[in-house]
Amino acid sequence: MGEKGEKWFWTGVDRVMNIVLLGFLWLICSLPVITIGASSTALNIAMSDYVRGDCHSVMKSFFTAFRQHWPLATKIWLIHLIVIAVLLWDLIYYRTGESTQDVLGATVAAVGLMLVFFELLMVYAVLAEFPGLTVKTALVRALDLAFTCFFESLSIAVLTFAVPVAVFFLLPGFLPALPGLIAYLDWQILPKMFQKAKFKKGNREQNRAVRKQNQ
């Protein structure tokens, strides 16, 4: 193996190890369920820094982000849980009826669930990219990103469902690391989405500089 091949090999090993580690960290820190929002934000921040070459330790990046973003991310996660529960209840309730009103109600609930799903795919990446947002701004910006870059968002949605199925059948032993793999694939797409959406860059660049200093 030449010098270039050896470098490529160890780079691949490092990438796999970090993906596996972040997947395990997300699973462990999400076990209480209420912490899923904070874990997802920390995963996105650590993976974003790693993919962009701004991270010396994904573990340190993950736990620093978890601690810093816990309050806001938890509020956002609880809001999603409540909204999804209400929309699912409405969908089940209206689907049992046969009137025009029931059909309309079921349609509205289904569309609402679709909007929430796409927004949920984006919101923790938005929190990772833009620090200091309010709950309202984070939700609005996530929805804006999802539909400004609809085809990219659709690609992320497909990955979110297709990758677990493929791993389950082909590499079941890799399932615990699945969140890290999905996040890694997402962050091959997300930077271009943020550029396309043309959000303000000031906070993002300042946040990355601060995270570099803390590592």
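Visitor: What should I know before we start?
Guide: This is a predicted model, where local features need pLDDT of at least 70, side-chain atom pairs count only at pLDDT 80 or more, and totals for chains, interfaces and linings use all residues. Residues are numbered from 1 along each chain as its sequence is written, and side-chain values use heavy atoms, with hydrogens and water left out.

Visitor: How many helices and strands are in the protein chain?
Guide: The protein chain has nine helices and zero strands. Helices (H or I, at least four residues) and strands (E, at least two) are DSSP runs, numbered from the N terminus. The order from that end is α-α-α-α-α-α-α-α-α.

Visitor: Which residues does Ser39 touch?
Guide: Leaving out residues up to four places away in sequence, Ser39 touches Trp26, Cys29, Ser30, Phe62 and Phe66. A contact means heavy atoms within 4.5 Å. The side chain of Ser39 also reaches the backbone oxygen of Cys29 at 3.1 Å.

Visitor: What about contacts across the protein chain?
Guide: Take the contacts between residues at least 6 apart in sequence. Of these, 73% join residues at least 24 apart.

Visitor: Why is Leu78 called partly exposed?
Guide: Leu78 has a relative accessible area of 35%, so Leu78 counts as partly exposed. Leu78 is in helix 3, residues 58-95. Leu78 and Ile34 are 44 residues apart in sequence, with 7.4 Å from C-alpha to C-alpha.

Visitor: What makes a salt bridge?
Guide: A side-chain nitrogen of Lys or Arg must be within 4 Å of a carboxyl oxygen of Asp or Glu. Side chains of opposite charge can pair when their charged atoms come close. The structure holds two salt bridges.

Visitor: How do you know that Glu129 and Arg52 form one?
Guide: Their closest N and O atoms are 2.9 Å apart, and the pair is a salt bridge. Glu129 lies in helix 4 and Arg52 in the loop between helix 2 and helix 3, so the pair ties together parts 77 residues apart in sequence. Glu129 is buried at 1% relative accessibility. Arg52 is partly exposed at 25%.

Visitor: How do you know that Glu152 and Lys196 form one?
Guide: Their closest N and O atoms are 3.5 Å apart, and this pair is a salt bridge too. The pair links distant parts of the chain, Glu152 in helix 6 and Lys196 in helix 8 (residues 190-197), 44 residues apart. Glu152 is partly exposed at 23%, and Lys196 is partly exposed at 43%.

Visitor: What makes the nonpolar surface patch?
Guide: Patches are made of residues with over 30% relative accessible area and no salt bridge; like charges are joined within 9 Å, nonpolar side chains (Val, Leu, Ile, Met, Phe, Trp, Tyr) within 5 Å. This patch covers about 750 Å², and its residues include Val111, Leu143, Phe151 and Val158. Helix 4 (100-129), helix 5 (135-148) and helix 6 (150-170) each give two or more residues. Helix 6 gives the largest share, four residues. Val158, in helix 6, counts as partly exposed at 48% relative accessibility.

Technical notes:
Polar contact = N/O pair within 3.5 Å; in protein donor to acceptor, adjacent residues only side chain to side chain. Buried < 20%, exposed > 50% of the residue type's maximum accessible area, 1.4 Å probe, protein only. Areas by Shrake-Rupley, 256 points an atom, 1.4 Å probe, with all protein chains shown as cover.
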